[in-house]
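Q: Could you walk me through this one? I'd like to start with the ligand and then move on to the packing.

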Amino acid sequence: MRLWHLFLEASLAAAQLYQQQAQTPLQYSTPCALLAALFPEQVVNPGEEGYAHAQEKYWSIQQAELIPACRFLPRGARDIQIALADVIHPSNASIAISSGGHSSVTGASNIDDGITFDLSDMSGVNVGDMEETVVLGPGARWRDVYRTLQKQNLTVSGGRVGSVGVGGYVLGGGFSWFANQYGWTCDTIIEFEVVTPQGEILWVNAGHHEDLFWALKGSLGAFGIVTKIKMPTLPNTVVYGGALSYEQPHFPLVCNALKNLAARAEDDLTTQGYLSFAWLQAEKRFEYDVYLINTEGQSSHEALAAFEAIPHLGGQLSTTTIGKSADDIDRSNPLGFRRFKFTLTSTLSPSAMTAVHDVVKTFTENTKFDPTGVVGVTFQPLTSSHLKAQKNIFNLIPSHGPLLLISVELWWNDADRDIYFSGKANKLQHDLEATLKKLDAFHPFIYPNYASREQNPFATLDPVTMRMLAATKRKYDPNDRWSKIVPGSTYLN
Ligand SMILES: Cc1cc2nc3c(=O)[nH]c(=O)nc-3n(C[C@H](O)[C@H](O)[C@H](O)COP(=O)(O)OP(=O)(O)OC[C@H]3O[C@@H](n4cnc5c(N)ncnc54)[C@H](O)[C@@H]3O)c2cc1C
């Protein structure tokens, strides 16, 4: 008999004893009730302490408004294994998996009527191997990871925004300040602990279950629930960077500086940046910002000087750390909006960036925003050196770089206008795609971490990768359980 069976029996016996003492009939009328019997302190129902608070932490209001029948807070892989085997599979209950809750896809990490597996209690940050590696719980947020690691003067190639969760970020790829050096964050992972759709707990790495190890990198939870993530640490040296803001007439110069920054990445792996512009309805104007980091703390770096030399309205570059900059960027990303996000990829050229800007400008002229509405666009170069480090399912070809990752976000407040704004966003996506295709700048890559519900990142992968993923899925999820149990997940058809 396996250990967890013993544990399960003990838990059920305890629950029965409790019920007998309370002289109430034993009833597990719902999967949540059975879960609560098995894990008395780890299930929170609507109206109970902690439920509303957990719901409020979602990045988008549409996700926060979904009402799971209960939220289950596993403390480790074993809890998840028991829950799947004894509650979810027998009852065919539907679940959602939430690490940091920062997906903008409604239903990706929360669920109406089903059970949300809330991994926030699985947030360990444990340094090992003579400080060379760290094992992270998926429910940790990057700000907590950085705060814990900096006590030992360490950091990692992780998220650029403090409140983002480790789990979703890593499984969807992970674009960090160290991408030129080490690729996507998922490329740097040494080992995952995962509970497969069948309920097996596996440690997967380059030598064990290599197929699953590879498939997890970029597939956003399509292959099970990741419960631990082991990755290399880096020294927490000072970095140099920050935000600079510009006015519209200088936008073409900033686009050019971003292109030059990406072009020199082969020779300079340490400087990175992104460019955002946003229409702010409250102020009836566009704002333009870059965020730059030199990971070696070089203040007099040529690539940074090129941005500083363009007349700018405000902001400044200064000495900071990866953790502090993640806190800074967090402040410009408030919770509490309804949101729609989608992504596109193009070749990297100022003409593509200007064309995207023009389409978005026309969009703002034809859209009835809420008083505090926003449409924001971020351009992030995917440099050739970033693409060289590929050990994931994306299979992007370095010689195709540098590419430009484009993410577009709409924010609004009025729930009655959800259909209006999602229709508008779909039209904007269509117009941007058409414009990029006309310029011969369109690239089919769909970055999972920025994709909308309508964008399936698997759809544009090459046939060989798809065949390998399909074979991996047949091996670890032979009965195609996951797509039925986790309706909100991105899955292979
Ligand atoms: C303000 C902001 C800043 C961002 N900055 C960056 C950035 O710098 N770089 C970047 O690459 N991305 C960035 N993103 C995108 C972000 O990485 C994705 O939205 C990511 O999926 C969020 O992870 P999460 O754990 O917070 O989200 P969740 O909403 O909890 O999860 C996202 C998806 O992953 C699945 N999932 C989560 N945990 C697990 C797990 N343990 N096992 C299996 N499946 C799981 C969920 O089911 C869901 O489908 C940002 C997003 C926001 C909102």
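**Around the ligand**

Q: So where does the ligand lie, and why there?
A: In this predicted model, domain 1 (3-121) and domain 2 (125-235 + 467-478) both give residues to the shell around the ligand, so the ligand lies between them.

Q: How many residues surround the ligand, and which are the closest?
A: The ligand is surrounded by 32 residues, and the closest of these are Gly100, Gly165, Gly167, Gly168 and Gly221. Two or more residues each come from strand E3 (95-98), helix H7 (166-171) and strand E10 (225-232).

Q: And which element gives the largest share of that shell?
A: That is H7, which contributes 4 residues.

Q: What's the shell like by class?
A: Sorted by class, the shell around the ligand holds 18 polar, 13 nonpolar and 1 charged residues.

Q: Switching to the core: which residues have the most contacts inside the largest nonpolar one?
A: In the largest nonpolar core, which has 134 residues, they are Leu35, Ile95, Ile115 and Leu216. Strand E18 (residues 403-412) gives the most to this core, with 8 residues.

Q: What does Leu216 touch?
A: Leaving aside residues up to four places away in sequence, Leu216 touches Leu171, Phe192, Val194, Phe223 and Val226.

Q: Now helix H10: which of its residues are buried?
A: Val254, Cys255, Ala257, Leu258, Lys259, Leu261 and Ala262 are buried in H10, and what covers the buried residues includes strand E12 (239-246), strand E13 (271-280) and helix H13 (350-365).

Q: What span should H10 have?
A: At 1.5 Å a residue, the 13 residues of H10 (residues 251-263) should span 18 Å, which agrees with end C-alpha atoms that are 18 Å apart.

Definitions and conventions:
Residues numbered from 1 in each chain as written. Predicted model: local features only at pLDDT ≥ 70, side-chain atom pairs only at ≥ 80, totals over all residues. Near = placed C-beta within 6 Å. Nonpolar A, V, L, I, M, F, W, Y, C, P; charged D, E, K, R; others polar. Domains from an automatic or database assignment. Core = buried A, V, L, I, M, F, W, Y, C linked by C-beta atoms within 7 Å. Buried ≥ 20, exposed ≤ 12 C-beta atoms within 10 Å, placed from the backbone. Contact = placed C-beta atoms within 7 Å. Expected span 1.5 Å × (residues − 1).
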